[in-house]
Amino acid sequence: MSFGQKSSRSRNRRVSNVRQRRQQHLLDVKVRSRRATQHRVRRAMSVLSRVILVAALCAAGYAGVREAARRLLFENSDFQLKTIELQTDGTLQREQVLKSADLHEGGNIFKVNLAQIHDRIQQLPQTDEVQVVRKLPGQIDIHVVERKPVAWITGEKEISDPFASDAAFLVDARGVLMKQKKLLPEYLGLPLIVGCSSESLEAGKVVESPEAKTALELLRLSAASFLQMRFQIREIDVSKNYCLLVTDKNRARVTFGFNDLQTQLRRLEQFLVYCDDSKQELATVNLRVQRNIRVTFSEPPQSVINDTIAPAVEPRIMKAIPVHAREKTAPPAPKPRTGSTPVTKPASSQRQKTD
């Protein structure tokens, strides 16, 4: 082997053995893992410090905004509630609405919870819709749309004056019961639903009985058709529990079933047209049946008026009966006997001559 080959081998040999190289590799891995751990810790601390800084800035900003709002808005005398405008289209009184909403002048306008006021006013039986608006610097507007009653309803079978009765309630088209503190004159002409004894009637509740719901539906359908001009409902009796006994302004009594009210109203329309053409007045009709409908007619009012104004031409003459007893008459003179001469009285002419 030549000298050059020996020198090349000596250069290619490793200085360290296997054990040394393994130990050196382990030390290198430990150093790298330690550096990586330190790097991750530094990154985590940096992120955490940034989060803490942002949170601190947000808290400081929130506290600053809150303090500014407290001084500029909630404790500012310029935003004091001075005016409460109430608009209603019914009989609700201002004191009643403000008392139910627990709202009064003098407080801060920003401390008023509009949603809570809306819910409190909505709970009134007379309220249908309500709108609450805040107007700066010191005014709150309340607009209330009240329920429109369509009838009176009571559990009694007969009632003379619903205005004076505590058992009578006003009811709207949705079936909500009301008890008005101020009664308007037009309420007196509303139809009356009687005999609704299947449920307890209380202000603010909604009627649930099928009889009352059918009666309200009949009122709605009759008001929407031209029958309102010819057939005006005055009373609906629901006490039968299987039909509706309806009385109109002309005292005609119509029996309705609970099903298919529109078809029954069309039949009633045909009967009313026939009555107008024949100049008769409808007395009773049963619309529950589809065939062989029983109809009766009443005497027209013209004939009754004519009989009252124009009596009979030849009145009947009654014979008078004497009240006092007859006077006593003198007994008849006795008959003269045969052979005797009758005694004659002097005539009046002879008396005059002697005189």
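A cavity is a set of points, on a 1 Å grid over the protein atoms alone, where a 1.4 Å probe fits but cannot get out, and lining residues have an atom within 4 Å of a point. The views below come from a predicted model, in which local features need pLDDT of at least 70 and side-chain atom pairs count only at pLDDT 80 or more, while totals for chains, interfaces and linings use all residues. Residues are numbered from 1 along each chain as its sequence is written, and side-chain values use heavy atoms, with hydrogens and water left out.

**View 1**
A search of the whole structure finds one cavity of 30 Å³ or more. The volume of the largest cavity is about 50 Å³, where a volume is the space filled by probe spheres set on the grid points, which are joined across faces, edges and corners. Its lining is made up of Arg-230, Phe-231, Asp-248, Asn-250, Ala-252, Leu-272, Glu-281 and Leu-282. By type, four of the lining residues are nonpolar, one is polar and three are charged. Here Ala, Val, Leu, Ile, Met, Phe, Trp, Tyr, Cys and Pro count as nonpolar, Asp, Glu, Lys and Arg as charged, and the others, Gly among them, as polar.

**View 1. The largest pocket.**
A pocket, unlike a cavity, is an open set of points with protein on both sides within 12 Å along at least five of seven lines. The largest pocket has a volume of about 360 Å³. Its lining has 19 residues, and those nearest the centre are Val-150, Pro-191, Leu-219, Arg-220 and Ala-223. Helix 5 (210-224) and strand 8 (233-237) each supply at least two lining residues. Helix 5 gives the most, with seven residues. The lining divides into nine nonpolar, five polar and five charged residues. Helices (H or I, at least four residues) and strands (E, at least two) are DSSP runs, numbered from the N terminus.

Side chains of opposite charge can pair when their charged atoms come close. A salt bridge is a side-chain nitrogen of Lys or Arg within 4 Å of a carboxyl oxygen of Asp or Glu. The structure holds 13 of these salt bridges. In one of them, Arg-71 pairs with Glu-67, with the closest N and O atoms 2.8 Å apart. Arg-71 and Glu-67 are four residues apart in helix 2 (residues 18-74), so about one helical turn separates them. Arg-71 is exposed, at 57% relative accessible area, whereas Glu-67 is partly exposed, at 29%. Buried means under 20% relative accessible area, exposed over 50%, and partly exposed in between (1.4 Å probe, protein chains only). Arg-70 forms a salt bridge with Glu-75, and here the closest N and O atoms are 2.9 Å apart. Arg-70 is partly exposed, at 31%, and Glu-75 is exposed, at 53%.

The side chains of Lys-135 and Asp-141 meet in a salt bridge at 2.8 Å, N to O. Lys-135 is partly exposed, with 40% relative accessibility, while Asp-141 is buried, with 16%. Elsewhere, salt bridges that share partners join Glu-67, Arg-70, Arg-71 and Glu-75 into one network.

**View 2. Aromatic rings around Phe-74.**
Rings of Phe, Tyr and Trp (its six-membered ring) pair if their centres lie within 6.5 Å; planes under 30 degrees apart count as stacked, over 60 as edge-to-face and the rest as tilted. The structure holds four aromatic pairs. Phe-74 and Phe-110 form an edge-to-face pair, at 6.2 Å centre to centre and 70° between the planes. This pair links distant parts of the chain, 36 residues apart: Phe-74 is in helix 2, and Phe-110 is in the loop between helix 3 (94-101) and helix 4 (114-122). Phe-74 is partly exposed at 34%, and Phe-110 is partly exposed at 24%. One aromatic cluster is formed by Phe-74, Phe-79 and Phe-110.

**View 3. A charge over the ring of Phe-169.**
Lys-179 lies over the face of Phe-169, at 4.7 Å from the ring centre. A charge sits over a ring if NZ of Lys or CZ of Arg is within 6 Å of the ring centre and within 35 degrees of the ring normal.
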